[in-house]
Amino acid sequence: MLEEAPRVLVVDDDPDVALLVKTVLERRAGCVVDLAADGRAAIERVGAVRPDLVITDIEMPGLNGLDLLAELRRLIPTVPVVVMTAHVSVDYAVSALRAQADEFLTKPLDNVRLVETVGRLIEEGRRRREASRPKDVVLAIGAHPDDVEIGVGGLLAAHAQAGDDLTILTLSRGARGGDADSRQNESLASAEILGARLFLKDLVDTEISGGGATVRLIEEVVREIQPTIVYTHSQNDRHQDHRAVSEATIVATRRVGTVACYQSPSSTIDFRPTRFVRIDQYLPQKLRLLECFQSQTASRDYLDPDFVSATARYWSRFGGGVAVEPLEVVRETAEFVGAHELSRRES
């Protein structure tokens with residue numbers, strides 16, 4: 001899994017010590033290290049670089065380490081803070097722990113312990129941020145079974161891992177593409193893997209309209225689950241059902257903050273994504289979801305794992321990494337992948 005390098009802010013008025021810590025963490029822990037010479041400079045840097053961890057000396061001019069610790073707890077309570085000092089005393093240690101320091105290190109620093117401590121606390125900080133993140137309510141809308149898994153299967157897997165609430169709304173059982181009962185069971189199997197709630201409606205396959213009944217069906221689900229993020233088909237699609245569902249969704253989700261359209265195998269060359277979301281670690285899960293639709297995999301080349309992987313690989317030209325799902329963003333007020341942390345780590 002590709003992740004961005006953890007970012008550490010080192011605060012010390014002794015430039016030699018600061019440089020030593022920076023060198024050790026960059027070479028042995030793969031960190032990106034920023035420096036600040038005192039507490040006040042550190043507060044300014046925190047706003048600019050969003051560190052995963054802060055390491056601070058205690059005795060510094062102006063705002064000392066303990067005052068800085070208190071300010072960090074107020075500004076970014078989830079960030080781990082390591083306090084270090086050359087003046088070993090019980091009073092210092094007690095003061096640091098009372099101020100909610102995560103670790104207390106003494107100078108001269110033990111490099112092995114420094115690297116171990118930084119690695120452990122960076123992971124702890126990520127867990128704290130993820131736990132404090134408000135969960136998104138995600139609604140993925142497709143015309144037929146397997147549509148949303150093809151378009152945003154990786155993203156849905158990422159939402160599931162982030163603990164977001166997932167709902168899939170499929171407006172037709174896809175009778176023109178196979179036995180409706182079999183396709184229903186395949187949808188249920190996929191939804192179960194994701195831990196998603198499934199609404200399976202009975203609009204007539206290939207005869208879905210973009211207004212009236214379709215809008216009302218979508219509005220009913222929107223009222224019930226109150227989504228914060230909606231994924232649906234694009235208007236730039238050859239399939240009439242896909243265009244109709246896209247049109248109806250835009251109307252029915254007019255009060256939802258974030259709406260984005262995914263790519264289908266029938267999308268036209270006018271599909272023009274504006275957001276590229278990396279799904280490197282979720283591509284295997286997407287392939288597993290698509291395996292559920294066995295009534296389709298034997299006859300649909302676009303469901304071949306190599307085809308799906310190649311498509312995701314192609315879009316990585318624009319989004320980086322090795323696998324990407326593209327989106328046409330209609331409007332956006334929430335972060336995709338819900339998981340702020342997952343987005344940040346995958347970006």
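This is a predicted model: local features need pLDDT of at least 70, side-chain atom pairs count only at pLDDT 80 or more; totals for chains, interfaces and linings use all residues.

Colleague: What makes both faces of strand 3 count as covered?

Modeller: Look at each side in turn. L53, I55 and D57 are buried on one side. V54 and T56 are buried on the other.

Colleague: Which strands pair with strand 3?

Modeller: Strand 1, residues 7–11, pairs with strand 3 in the parallel sense over 4 bridges. Pairing needs at least two bridges, so 4 bridges qualify. In that pairing, V8 stands opposite L53. Strand 4, residues 81–85, also runs parallel to strand 3, joined by 4 bridges. There, T56 has V83 as its bridge partner.

Colleague: How does the chain get from strand 3 to strand 4?

Modeller: The chain goes through helix 3, residues 65–75. This β-α-β crossover is right-handed.

Colleague: Why is D146 called buried?

Modeller: The cut-off for buried is under 20% relative accessible area. D146 has 4%, so D146 is buried. D146 sits in the loop between strand 6 and helix 6.

Colleague: What is the phi of D146?

Modeller: Phi of D146 is near 85°, which is positive, and D146 is not a glycine. Most residues other than glycine have a negative phi.

Colleague: Where does Q226 lie, and is Q226 buried or exposed?

Modeller: Q226 is in the loop between helix 8 and strand 9. Exposed means over 50%. Q226 has 52%, so Q226 is exposed. Q226 also has a positive phi, about 55°, without being a glycine.

Colleague: Which peptide bond is cis, with omega near -5°?

Modeller: The one from K107 to P108. P108 is in the loop between strand 5 and helix 5.

Colleague: How do you know that R120 and E103 form a salt bridge?

Modeller: The cut-off is 4 Å between side-chain nitrogen and carboxyl oxygen. R120 and E103 come to 2.8 Å, N to O, so the pair qualifies. E103 is buried at 15%, while R120 is partly exposed at 36%.

Colleague: What is the distance between R120 and E116?

Modeller: Their closest N and O atoms are 3.1 Å apart, and R120 and E116 form a salt bridge. Both residues lie in helix 5, 4 residues apart, about one turn of the helix.

Colleague: What makes E224 and R197 a salt bridge?

Modeller: Their side chains meet at 2.3 Å, N to O. E224 is in helix 8 and R197 in strand 8, so the pair links parts 27 residues apart in sequence.

Colleague: How many salt bridges does the structure hold?

Modeller: The structure holds 23 salt bridges. R73, D102, E124, R127 and R128 are linked in a network of them.

Colleague: Why is S209 called partly exposed?

Modeller: Partly exposed lies between buried, under 20%, and exposed, over 50%. S209 has 36%, so S209 falls in between. S209 is in the loop between strand 8 and helix 8. Leaving aside neighbours within four places in sequence, S209 is in contact with T214 and A244.

Note on methods: Residues are numbered from 1 along each chain as its sequence is written. Side-chain values use heavy atoms; hydrogens and water are left out. Helices (H or I, at least four residues) and strands (E, at least two) are DSSP runs, numbered from the N terminus. Buried means under 20% relative accessible area, exposed over 50%, partly exposed in between (1.4 Å probe, protein chains only). Contact means heavy atoms within 4.5 Å. A crossover is right-handed if, with the strands pointing away from the viewer, the path from the first strand over the helix to the second runs clockwise.
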